[in-house]
Amino acid sequence: MAQFWARLDAGIRTLPPGAFAFVMATGIVSTAFLMVGWSVVSTVMLVLAEVSLAALAVALVVRLVRHPGSALSDAREPERAFGYFTIVAAINVVAVRLYSHDPVAAIALAIVSIPVWLLLNYGVQAALMLGRRDRPVATQVNGSWFLWVVATQSLAAVGAEIGRGADNQWIAAISVALWGIGVVLYLMLATLVTLRLLTTRNDAAKLGPAYWIYMGATAITVLAGSYILVLPADLPIMAVMSPVVGGLTFILWAFGVWWIPLLLIFGVWRHGIQRIPLTYETDLWSIVFPLGMYSVASMHFGTQTHLPLMTTLGEYGAWVSGLAWLAVAAAMVASAAVRRPAASR
């Protein structure tokens with residue numbers, strides 16, 4: 001028993017900042033299946049996302065209490081710090097999925113995510129900008145930085161859902177503002193990440209699945225934009241922003257689609273040419289989430305704007321994201337099964 005608790009404590013101490021990506025991926029694939037009519041599978045995945053969110057939240061609190069130095073060290077590390085934004089995104093992805101049948105729970109989750117987003121939004125940036133370092137932070141930028149955008153747009157999306165139900169102009173205006181902040185953050189980070197890819201020698205070991213969040217950030221921006229577009233047209237903010245949101249949302253959807261072949265090329269180069277073994281890592285959920293989010297965003301935006309091509313692509317994407325979820329989940333279980341006997345020896 002003592003050995004079990006020791007292993008559990010060691011696992012909590014090394015809990016990766018991006019651990020909540022599993023909840024993000026499971027929650028959005030649940031939404032995708034709901035939209036294509038597989039309600040039973042969707043409900044099962046929602047329950048799994050909720051249970052995982054609660055378990056990871058407890059593990060994170062225990063880590064902050066028992067191993068605060070380890071958690072703060074991750075927050076100061078440019079290549080890992082932005083993983084903490086998966087906490088906000090996971091909470092709000094589940095909240096959006098819940099809102100249609102349990103708005104009270106969804107609103108409660110959204111409220112919980114706000115102080116977490118504020119803490120990370122300013123705390124992580126302050127730590128990276130003001131901390132003493134041997135080399136510039138920008139030289140260590142990677143795909144996980146787009147989680148900053150994902151978390152921000154997750155707040156915009158759930159805010160727009162709540163604002164539509166409550167017909168509240170203040171919530172609607174804040175949601176549109178968050179969406180705009182997310183767009184500007186995306187443009188800023190896209191510039192940084194692309195320059196990093198073009199001006200430095202790329203290490204195959206580091207050019208991993210996290211770069212799929214490049215596309216995932218556009219997908220969740222599209223989803224948030226599509227939610228904003230169905231806010232009541234008579235709200236003052238919609239009179240000003242509706243054309244802007246609609247146009248930029250479509251452009252970002254197209255840009256996200258453009259990125260997919262290049263991301264596939266990255267994977268072929270990494271595993272096929274550079275021979276990096278394809279094994280389970282937490283970042284693999286960073287592939288599943290963008291696929292699921294792209295599917296949901298395409299279906300929702302296509303339906304609202306009467307663009308059947310987008311809707312059809314989203315429906316096909318739902319099955320692709322479901323298969324990707326199964327593949328990564330199987331790899332995760334297999335990896336855990338291999339580690340368990342090794343730890344017992």
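Me: How much space lies in the second largest pocket?
Reply: This is a predicted model, in which local features need pLDDT of at least 70 and side-chain atom pairs count only at pLDDT 80 or more, while totals for chains, interfaces and linings use all residues. Residues are numbered from 1 along each chain as its sequence is written, and side-chain values use heavy atoms, without hydrogens and water. On a 1 Å grid over the protein atoms alone, a pocket is an open set of points with protein on both sides within 12 Å along at least five of seven lines, whereas a cavity is a set where a 1.4 Å probe fits but cannot get out. With grid points joined across faces, edges and corners, and volume taken as the space filled by probe spheres set on the points, the second largest pocket holds about 660 Å³.

Me: Which element gives the largest share of the lining of the second largest pocket?
Reply: Lining residues have an atom within 4 Å of a point, and 36 residues line this pocket, with Glu79, Asn142, Ser144, Ala210 and Asp283 nearest its centre. Helices (H or I, at least four residues) are DSSP runs numbered from the N terminus. The elements giving two or more residues are H2 and H11, and the largest share, four residues, comes from H11.

Me: What is the volume of the largest cavity?
Reply: A search of the whole structure finds one cavity of 30 Å³ or more. Of the 13 residues that line the largest cavity, the closest to its centre are Asn92, Val93, Val96, Leu223 and Met293. The volume of the largest cavity is about 80 Å³.
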